Structure formats: structure tokens, C-alpha cells
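Trainee: Could you walk me through a new structure, feature by feature? I would like the general idea each time and then the case at hand.

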Amino acid sequence: MNSSTSNESHQSETRKAPKAGGDFNDFCKMLWLKLSRQVLQPIQTVGAHEHQVLLNAAGASLARRGALDEVGEPGRSLWVPFSKALGLIGMVVLAMPLGAKAENTRPTELRLDFEATASGPAWVAQNDDVMGGISKGEAEIKDGVLHFTGTLSLDNDGGFAQVEIRNLDHDLSGKKGVKLRVRGDGRTYQLRLATNALFRGSRIAYWAEFPTRAGEWTEVNVRFTDFKPSFRGDILDGPPLDVSRVEEMGFLISDKRTEPFALEVDWIRAE
Ligand SMILES: [Ca+2]
């Protein structure tokens with residue numbers, strides 16, 4: 001992320017994260033991101049593949065013609081190596097830029113320092129009100145720190161509060177997990193990730209818990225192998241977390257305690 005290159009003078013500013021669905025521009029950006037990821041990218045890939053097939057066919061056709069010439073017209077046998085070479089060069093030269101386009105260009109480093117206010121992903125609240133609950137939770141970025149605060153309520157079968165970013169598109173292959181510097185209240189929180197993996201048409205949530213010490217900054221390591229796939233609170237058998245397709249990240253609390261909670265996050269790094 002480019003947050004570390006931000007203007008230092010913005011550090012003291014306070015930014016409220018928008019509520020889910022509250023910002024039309026963010027919605028348009030998300031729609032475009034999804035469109036380009038799910039529709040346009042596959043079309044490009046298919047186009048490159050079809051182009052390759054056509055080139056292969058052209059090369060084979062030239063080579064076949066050369067082979068026929070070799071048998072039927074000995075005087076033109078020089079055409080055989082020439083046509084083969086031409087077909088091969090054509091395939092390599094024309095396929096190269098198409099192949100390069102289809103390569104993975106998603107970021108492979110994930111570092112969120114919360115120093116930027118002008119850019120960087122927006123954190124949105126996603127509390128149990130989506131299921132009728134009345135828990136409160138919100139994200140605020142202040143002085144280089146993400147503050148996740150609120151109050152849980154067990155009324156109406158609710159009991160969780162969550163904040164998340166939805167516009168990641170990271171390939172974290174080769175990383176072992178996520179490292180965080182946090183200051184909490186002694187309560188246990190979930191770090192959550194989502195990929196493009198779906199269950200019944202909705203995203204599977206992968207989560208792992210981490211403890212906090214009240215009022216004390218600590219560094220926490222959450223390993224990718226500890227993330228469990230779940231759907232609406234139920235643990236699923238699979239699929240396992242595909243770290244090459246990390247698209248969302250969030251923090252959630254659901255420890256059934258109804259006093260206010262507060263988690264501060266200084267930075268998040270995939271390592
Ligand atoms: Ca920070």
C-alpha cells in the first residue's frame with residue numbers, strides 16, 4: 001500500500017470511516033473493481049487464449065503446407081524450414097504481449113500503517129444489524145492508528161461488531177501470516193480475511209482469534225494456517241484459505257460481553 005508515502009502533515013487529522021453503502025463513489029469504485037475482476041479480466045484471458053490457438057493453427061497450417069511441398073514439389077523444399085521458422089517466430093512475437101497482459105499484477109506486499117488520510121482503503125462497519133441485532137461498532141483512523149470501538153448487544157439474537165476493508169486484491173503467496181501491533185482491552189478479537197471463495201453465493205469468512213492485553217501495546221502473529229472457513233458463524237469443512245486471492249480484511253468481536261470494547265491497531269503487515 002502507498003500509505004507510508006503519505007504527507008506527514010495529515011497525520012493529526014481525524015477520519016471517520018463511511019458506513020456500509022453510505023458512499024456512492026465508493027460503491028461505484030467497488031462495482032468497477034468487481035466488473036473488471038469478474039468480467040473484463042476473464043474476457044482478456046480468453047481473448048489471449050483464443051489468439052494463441054489461432055496462431056498455433058496458422059503455424060501448423062504453414063508447416064503442413066511446407067510438408068506437402070516437400071513431398072509433392074522437391075524444387076520448393078526450402079519453404080519447409082522457412083515456413084516453420086516463420087510460424088514459430090510469429091507465435092512467439094505476437095503471443096508475448098498477450099501473455100504478459102494475463103500475468104498476475106496484483107500486489108504481493110500488504111502493509112497498512114494508517115498514516116495516510118487521503119488515500120488507502122476505507123474501513124466500513126458491518127455489525128449484527130444486518131441480521132436484526134443492535135450491537136454498535138465503528139472504525140476511526142486517528143494519529144496513525146485504527147480505532148475499532150463499540151458496544152456489543154445480545155438482543156435480537158445479535159452479538160457481534162465488525163469493521164472491514166473490501167477493496168484489497170492481494171496475492172500473499174509465500175507469506176506465513178499477518179503481524180499486527182495492537183493495544184486492546186484484554187478481550188479477544190478476530191482477524192478476518194475473505195477471498196473470492198463463495199458458499200451459497202456469499203463470501204466465505206476466514207477468521208483467526210488473537211488476544212489483547214489491557215492498555216498495553218503488543219505485537220501479534222496470526223498464521224494463515226490458523227484461519228478457519230466460516231459462513232454466518234458456522235465453521236465450514238473448506239476450502240482452505242487461498243492466500244493468493246486476499247480481497248477483504250476485517251476485525252470482529254463477539255465475546256458476549258456487553259460493556260464497551262476498544263481495539264487500537266498501529267499497523268498490519270503480511271510477513
Ligand atoms: Ca501506524
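Trainee: Which residues touch the most other members of the largest nonpolar core?

Mentor: A nonpolar core is a set of buried Ala, Val, Leu, Ile, Met, Phe, Trp, Tyr and Cys residues joined through C-beta atoms within 7 Å. Buried means that 20 or more other C-beta atoms lie within 10 Å of a residue's own; exposed means 12 or fewer, partly exposed is in between, and C-beta atoms are placed from the backbone. In soluble globular proteins, nonpolar side chains tend to be buried together. Here the largest core has 40 residues, and Leu146, Val163, Leu193, Tyr206, Phe251, Ile253 and Leu263 touch the most other members. Five residues come from strand β16 (residues 260-270), which gives the most to this core.

Mentor: Keep in mind that this is a predicted model: local features need pLDDT of at least 70, side-chain atom pairs count only at pLDDT 80 or more, and totals for chains, interfaces and linings use all residues. Residues are numbered from 1 along each chain as its sequence is written.

Trainee: How many helices and strands does the chain have?

Mentor: Helices (H or I, at least four residues) and strands (E, at least two) are DSSP runs, numbered from the N terminus. This chain has two helices and 16 strands. Of its 271 residues, 24% count as buried.

Trainee: What is Ile253 in contact with, leaving aside its neighbours within four places in sequence?

Mentor: Two residues are in contact if their C-beta atoms, placed from the backbone, lie within 7 Å. For Ile253, those partners are Leu152, Phe160, Ala161, Arg187, Tyr189 and Phe261. Across the chain, among contacts between residues at least 6 apart in sequence, 74% join residues at least 24 apart.

Trainee: Is Glu219 buried or exposed?

Mentor: Glu219 sits in strand β12 (residues 217-223). Glu219 is exposed because it has 11 other C-beta atoms within 10 Å. Not counting residues up to four places away in sequence, Glu219 touches Lys179 and Arg181.
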